[in-house]
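Let's take a walk through this structure together. Have the sequence and the fold open side by side as you read.

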Amino acid sequence: MPDATVLSSHVKFVIIGAGVHGLSTAYHLALELQAAGKGSGRDILIIDKSRVAAGASGIACGVVRNNYFQPAMRELMAECVAVWESDPAAYHYHPVGYMQLSPEAMHADVASIAQQQREIGYDSVFIEGAADSSRYMKGIFGDWQAKGITSVLHEKKGGYANNRASMEGLAGKARALGVRIVDGVKVVGFRTGSNSGAVTGVDTTVGPVSCDCIVVGAGPWVPEVWKMLDLPRTIDVRAPDGKLHRDIPTWTYWCLEEGTLGVAPNLGLTNDGKMPPVVHVDTDEPLYSDVTGNLITDEMWGIYYKPDFNFNGIQGGGMPYRIDKPADKVAVDPYGVESKEFVTGPAFREMWCSALAFCQKRYEGKIAQWKQEPSGGIGAFTPDSFPVFDRFRETVYVIADSNHGYKMIGVGKLVAQELMGAPSRLLEPFRMSRFANGKLHPTSHSPFPWS
Ligand SMILES: Cc1cc2nc3c(=O)[nH]c(=O)nc-3n(C[C@H](O)[C@H](O)[C@H](O)COP(=O)(O)OP(=O)(O)OC[C@H]3O[C@@H](n4cnc5c(N)ncnc54)[C@H](O)[C@@H]3O)c2cc1C
């Protein structure tokens, strides 16, 4: 158990959380301080109640993509992909690409994404029409058999990274610049100045630390930190049609369901024996059980998957479900695979394995090889399900990514620039004021809350 000697009495920057956002902010801030001759990584202290990658970043399936209907997300993601590409070895990044396969109901949305990708020079191919989509997919996987697909957006960049290994890589880069990461210490409150509401430090389980600035990268625990900051439990949200919706919960939890089919990852290779792109399929075709033949759903559904040597199988997930409880009643701890309440169960297994078989013949009859190990986890979502990157109480910068975040390794770089006084155009659409001003991000026809 650590004691107060692990902390300094004062440091310029305290960062709460050693997940992707806390670590990326620390690493990039250390670079910025050094380049500007204004300090170094030794001015930065990361405090984590557990350890590096103990939160969502350590259990994420690790998909890195650009495919978002919201223009502001696309530009931000292009920036993030560039950070992944900057050091693939340290980040354990696999640039295999990403494919979005969609039914007619999503065709126009995805066409506009493809158009915007062309405009910003993000390398992708867009295939339209059922016959051409099927031909394109059979060119990659000879056993492709999904029905009801009328477009394929094939992003040539992006792919996936290995969750824990990438966070250890990022932590190593931050430590090499002098950043200190203190494990096993929890921030339990904030200190304020005598004449203002500005936060001047944190209280922790082993004592106080005063600081000039705080960055919150608390992932699924952000509602708890939000409460410590005395920020509102509910907010008024103006819809794009001008209507004001009062007292909307600031945070809602969703559970992300994922798992692994324990076959040799090589089973997922392409016709020419290469690692394939990450495949995301949405469709409105009925889905029948690969076990019983019974109907599983006749509503729009979606899955994503990839062969992955890190998980040692075919790994992926499906649509999350909303947790029907107020945020302060949801048990966030124990988190992730240690949770008894929020891990994937047999219904997900049958749906996901049947969906794999719907897509590719090679996965028919393979459900017995599902890995019987806990997987999945929960995430805190904002009222429009998109991130909030903003300052509160004058000195506190909150990075609340609304569960889009493993791929968002570049956000910490932009936040670091903002902390050094250079406002970021890319982060501007994600301020808290958008809820009051009706500047919400547009919604797509995807069955996922995050696309
Ligand atoms: C099952 C699952 C799969 C996902 N898959 C993907 C994916 O494929 N691609 C993608 O882009 N995103 C994915 N996500 C979302 C992504 O993982 C998260 O958005 C992202 O990791 C959040 O990063 P973070 O740094 O904000 O938080 P986290 O990684 O959760 O880190 C927060 C850290 O803060 C610490 N902490 C919390 N409170 C305190 C406190 N009071 N004091 C001290 N320390 C504290 C925690 O111990 C933790 O280590 C997935 C999420 C889940 C749950």
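Setting aside residues up to four places away in sequence, Thr270 touches Ile140, Phe141 and Pro276, where contact means that the C-beta atoms, placed from the backbone, lie within 7 Å. The C-alpha atoms of Thr270 and Phe141 are separated by 5.4 Å, although the two residues are 129 residues apart along the chain. You'll find Thr270 in the loop between S16 and strand S17 (278–283); helices (H or I, at least four residues) and strands (E, at least two) are DSSP runs, numbered from the N terminus. Thr270 counts as partly exposed because it has 15 other C-beta atoms within 10 Å. On that scale, a residue with 20 or more such neighbours is buried, one with 12 or fewer is exposed, and anything in between is partly exposed, with C-beta atoms placed from the backbone.

A word on what you're looking at: this is a predicted model, in which local features need pLDDT of at least 70 and side-chain atom pairs count only at pLDDT 80 or more, while totals for chains, interfaces and linings use all residues. Residues are numbered from 1 along each chain as its sequence is written.

Which of its faces are covered? Both are: Glu258 and Thr260 on one side, and Gly259 and Leu261 on the other, are all buried. In a regular strand the side chains alternate between the two faces of the sheet. S16 pairs with strand S21 (residues 313–318) in the antiparallel sense over 4 bridges, and pairing here requires at least two bridges found by DSSP. Gly259, for one, has Gly316 of S21 as its bridge partner.

Now for the overall layout. The contact takes 30 residues from domain 1 and 40 residues from domain 2. On the domain 1 side, helix H2 (71–86), strand S8 (159–161) and helix H7 (222–228) each supply at least two residues, with H2 giving the largest share, 4 residues. By class, that side has 15 nonpolar, 12 polar and 3 charged residues. Nonpolar covers Ala, Val, Leu, Ile, Met, Phe, Trp, Tyr, Cys and Pro, charged covers Asp, Glu, Lys and Arg, and the others, Gly among them, are polar.

S8 turns up again in an open sheet of 3 strands, ordered S3-S8-S4 with antiparallel pairing. Strand S3 (63–64) and strand S4 (93–94) stand at the edges with a single partner strand each, so one side of each has no neighbour in the sheet. S3 and S8 are joined by 2 bridges, and Val63 has Tyr160 in S8 as its bridge partner.

What about the interior? The largest nonpolar core has 123 residues, and Val14, Ala26, Val216 and Leu356 touch the most other members. Such a core is a set of buried Ala, Val, Leu, Ile, Met, Phe, Trp, Tyr and Cys residues joined through C-beta atoms within 7 Å. Helix H8 (346–359) gives the most to this core, with 9 residues. Leaving aside neighbours within four places in sequence, Val14 is in contact with Leu45, Ile47, Val202, Val209, Cys211 and Ile214.

Next, the ligand. It is surrounded by 39 residues, the closest being Gly17, Gly19, Gly55, Gly219 and Gly405; a residue is in this shell if its C-beta atom, placed from the backbone, lies within 6 Å of the molecule. Helix H1 (20–35) and strand S23 (377–381) are the elements that give two or more residues, and H1 gives the most, with 3 residues. The shell divides into 17 nonpolar, 16 polar and 6 charged residues, and draws at least three residues from each domain.

Finally, some backbone details. The peptide bond from Asp333 to Pro334 is cis, with omega near -5°. Asp230, in the loop between H7 and strand S13 (234–238), is a residue other than glycine with a positive phi, near 60°. Asp230 is exposed, with 11 other C-beta atoms within 10 Å.

Terms used
Contact = placed C-beta atoms within 7 Å. Domains from an automatic or database assignment.
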